[in-house]
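These are my notebook entries on a few places I looked up in this structure, with the whole chain left for the end.

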Amino acid sequence: MYGLYFQPFDPPPPVNQFTHPCRGRTKCDACIKFALLEDQKKETPAIMEDEKFTTEYRETLTAMNENHDPLLRKLPAEIIGQIFEVCGPFSDEQDCRLRTGAICRSWRRISWATPGVWSRITVILSAPEEPRQAELAEEWLQRSGDLPLDILVREQFVCRSIKFAPSPEDVDALAKVLNKFSHRWARLHIDGPPIHHSLFTGNEHGAGRLQFLTLTFYWFTTRNHRKTLPSDQFQLSASLPRPSNVELYDVSPSAVKIAWDHVVSVSLTSRRLEDARSILELAPQMKTLQFDVSTDPPVAMASQPAWPRITHEKLEDLTLSFVDCKWDIQPLIDSLSLPALRKFKLDGYSCCEIRSQEELERAIPFPAFGSMVARSACALEELHLHDSDYHTSELVDFLSSARLASLERLELKGFFRLWKHSLPDELFKRLAETCNDDKPFLPNLRSLSYTLLSSLRIGTIYPEEDFPWEHVVGMFGTRNHPSKRPLSRLLICRDYGRGVPLKDYNMDILDPEIARALVDLQMRPGMQLEVHDFRDSDILKKYYHQKFGIVTPPENAPRGWRMLE
């Protein structure tokens, strides 16, 4: 029997709201004086042209703000400055730091005297509408004291097609200003063509504080820029910067002159698969690499010989992402040896533009991955396969290797073009059948996530196939004979389609015994079993409530809600 138990809790303390000090019978001297000045202004409007009167008028307003402002009355200037620091920027369009200084003279004085407010700056290069852009940037950064700087320079464009190209003179003037502060750069993000990257040469002190470097180049928006030349490189004049985190978008690693042996994290988007090897050779201390390929390979790639072997001793986290392209990943995998690899993610491989069964020969080459894991002798802990085509039988064979016994987290995310060979039945069945073995399949698996952008009932695509709920229950064993595998988290996420009512989710096919078993699994201590839709709503909770009258706590339940059996 299930029920709902609620334990009362203490209500939150009341909010201390601000009360205006001059709304009662007593008014401050500034309010009294301001009322007299307002009467004079009404009687003689031309008096506002008198400089002495306008000065007295503004000073009276300042005194009123100081008397009435709850921040100024209750908080020291240091605390107010910290509040101003968190006012932005939240994005390029939402930056409240200048607005806080425009409220009143006192706020402006505190804002200008708080270096942390001015240590982040975003400069949008546009048509010459702001002739003083470089001068304003210098004044801005001078207020930042000696704090590390976070700088973003990017071009303005609409729909990435209509360019507002800045004049070369304006860009050069701005770069010269920012170069004066290179010894304080902590984060530098330059979004524009390589000719802009080459303008940031720093000062005589270099960029010793630089930890995050981002260079982006949207080549399809550069119709107003000249062709890139070999001299268009990011290179400081004093010394090589030593960032630990580097992000490059369509910028060749060879065009970035930095101390690559200090880089530990790289995000690289390129049109050449070979750049993945280049970055592995350049950055021997790199631990994390996210590599995105965004363009189809040239025809000549089909006849290219095998790539030479490369061993990277430090890489722990590798992500390979393919965006609307048909590269063959096997030459790259065959050339890698990664002894420290702990996490591998493959995203978007061969799932796009597949129209026939013959094209499925380009599914994930698990034998090549198995060979890489074997020669690397790595202890892989996480495997993520997102929007990629694979044969479940080959995946199971790959995971059955003793080299994959170290795997703790498996995440599978299917593409909306569902092929029968990628259904999870065989994988779930193997997990269920071996859960009580002394050496079960994937003996260290703790977390399993399966996402499919289709109906929950796979029978809508393949009428003879239903989702293998019996194996979902079976992979955890029973209360008397629990699984010897430490699996404690199972997330199944499906896209049911927008606007589909709960009664049409096709979960009525669930056998009542299986549904009860799923309820029992969710109630086990330390167990996380969830079935979500695209809105991140827990469908099992709703289904149990409708089907069996089981009441479960709401998402944001207060302290005291719990389930009773």
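Entry on helix α4. I began with α4 in this predicted model, and asked which residues of helix α4 (residues 77–85) are buried. I found that they are I80, G81 and F84. Around the helix axis these residues cover an arc of only 105 degrees, which puts them on the same side of α4. I set this beside the general rule that an α-helix has 3.6 residues a turn, so residues three or four places apart point the same way. I then looked up what the buried residues of α4 pack against, and noted α3 (70–74), α5 (97–101) and α6 (105–112).

Entry on T216. I placed T216 in strand β7, which runs over residues 212–216. Is T216 buried or exposed? I noted that its relative accessibility is 5%, and T216 therefore counts as buried, the cut-off for that term being under 20% relative accessible area. I went on to its surroundings and found that the side chain of T216 makes a polar contact with the side chain of D191, at 3.0 Å. Leaving aside residues up to four places away in sequence, I listed H189, I190, D191, G192, H197, Y249 and V251 as the residues that T216 touches.

Entry on positive phi. I kept in mind that most residues other than glycine have a negative phi, and looked up two residues in turn. For D250 I read a phi near 55 degrees, a positive value in a residue other than glycine. I located D250 in the loop between β8 (245–249) and β9 (265–270), and noted that D250 is buried, with a relative accessible area of 14%. For A377, which is not a glycine either, I read a positive phi of about 55 degrees. I located A377 in the loop between α12 (366–376) and β15 (382–386). A377 has a relative accessible area of 47% and is partly exposed, whereas D250 is buried.

Entry on the whole chain. How much of the protein chain do buried residues make up? I noted 45% of the 565 residues. Among the contacts in the protein chain with a separation of 6 or more, 73% are accounted for by residues 24 or more positions apart.

Technical notes: Residues numbered from 1 in each chain as written. Predicted model: local features only at pLDDT ≥ 70, side-chain atom pairs only at ≥ 80, totals over all residues. Heavy atoms only, no water. Buried < 20%, exposed > 50% of the residue type's maximum accessible area, 1.4 Å probe, protein only. Helix = DSSP H or I, 4+ residues; strand = E, 2+ residues; numbered from the N terminus. Arc of directions from axis to C-beta. Contact = heavy atoms within 4.5 Å. Polar contact = N/O pair within 3.5 Å; in protein donor to acceptor, adjacent residues only side chain to side chain.
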